[in-house]
Amino acid sequence: MMCEMLGQSLLWLLASINFLTPVNAAALKASVLPGQAVPENTTIASPWEVADPSVLSERAFEANGYTFTCDDAKYGHNLDVDDCLGALARIINSRASVTFADRDLTIEKPDWDPLPWRWMGGRSSCYIEPVLKAGAQTGRTSFYKIREAAYELVTECALRQRKGGTVTGLGGDNNVEITLGRYVQGELAVKCGRRKEVLETCRDLLISMPVTTQDQRFGPKGDSKSEVILPWGMMSHDDRCILKILTINRQGESDVTSWYKAWEAVNAVYYGCISKGFRGSFQGLGEPSV
């Protein structure tokens, strides 16, 4: 499967985001997006001393007012610290309180920010993601606290232990946690194409596409096992970006993946290519159906 942004191409279960003819369009509402991107070349100091990971505890520990759990089995190991800093630089410093909730939660709250959401570095290797504490329906904090906690998380886990992990204790209602992880597929599968203009409205697709986690069969109409009929597509609100999922399975059979995994792939293409003004693609998503 491949994800492509800014141009159509053939791929195993392809997700593609394309720039169409430019039109005048209203900017995305700030309340919809969990923080506008900070320029990727923003410098963040890193006065860290690498510790020997063999002498550090695998259990939760406290430091600088936060509680950390470094877990390479769940969040990956040997994280690209520079790419993690690139993800960190995209988080705004606003101290205003924000409320997060699952995007599928049916509540009357127009000012909440939808989850899942993640920031990634320009290599699409490292991600920072706010999540809700187990059992919580909403969570309140600020992007300033997210950025501060994520900085400490990169320090404690990615640099000192060479692992991904989580951090809690962000304040507000303490229902928001931050995860830091390695997205291995992004390092291998994202390919950038021709340069185009950067369009923030492509972020519409990251917020609007389905994100269910159960596996489904994505395939052509001719395969009776297909649960999601391909080709499938959606467009940004200004019609300038389009997301397509296609298949080039020559046997006309379906592939198995989840919408959440497709969302992860589209994020990798967005941060690795689209945010830099390039077309992009992702290949290798999905498994043959049995």
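Predicted model: local features only at pLDDT ≥ 70, side-chain atom pairs only at ≥ 80, totals over all residues.
The protein chain has an average pLDDT of 80, and 78% of the residues score at least 70. One stretch to treat with care is residues 6–57, where pLDDT stays under 50. The model has 169 contacts beyond four places in sequence for that stretch.

Now to the sheet. It is an open one, built from three strands in the order S6-S5-S9, with mixed pairing. Which strands stand at the edges? They are S6, residues 112–115, and S9, residues 138–142. Each has a single partner strand, so one side of each is left without a neighbour in the sheet. From one strand to the next, the twist averages 35 degrees.

Let's zoom in on one pair. S5, which covers residues 97–102, runs antiparallel to S9, and five bridges join the two.

A few words on H3 itself. The helix has 17 residues and spans 22 Å from its first C-alpha to its last, close to the 24 Å expected at 1.5 Å a residue. There is a bend of about 25 degrees at Leu 153. And is H3 enclosed or open to the outside? Of its 17 residues, 13 are buried, so H3 is largely enclosed by the rest of the structure.

How values were computed:
Residues numbered from 1 in each chain as written. Heavy atoms only, no water. Pairing = 2+ DSSP bridges. Helix = DSSP H or I, 4+ residues; strand = E, 2+ residues; numbered from the N terminus. Axes fitted to C-alpha atoms, helices over the stretch in contact; angles between N-to-C directions. pLDDT = per-residue confidence, 0-100. Contact = heavy atoms within 4.5 Å. Expected span 1.5 Å × (residues − 1). Bend = angle between axes of the 7 residues up to and from the residue. Buried < 20%, exposed > 50% of the residue type's maximum accessible area, 1.4 Å probe, protein only.
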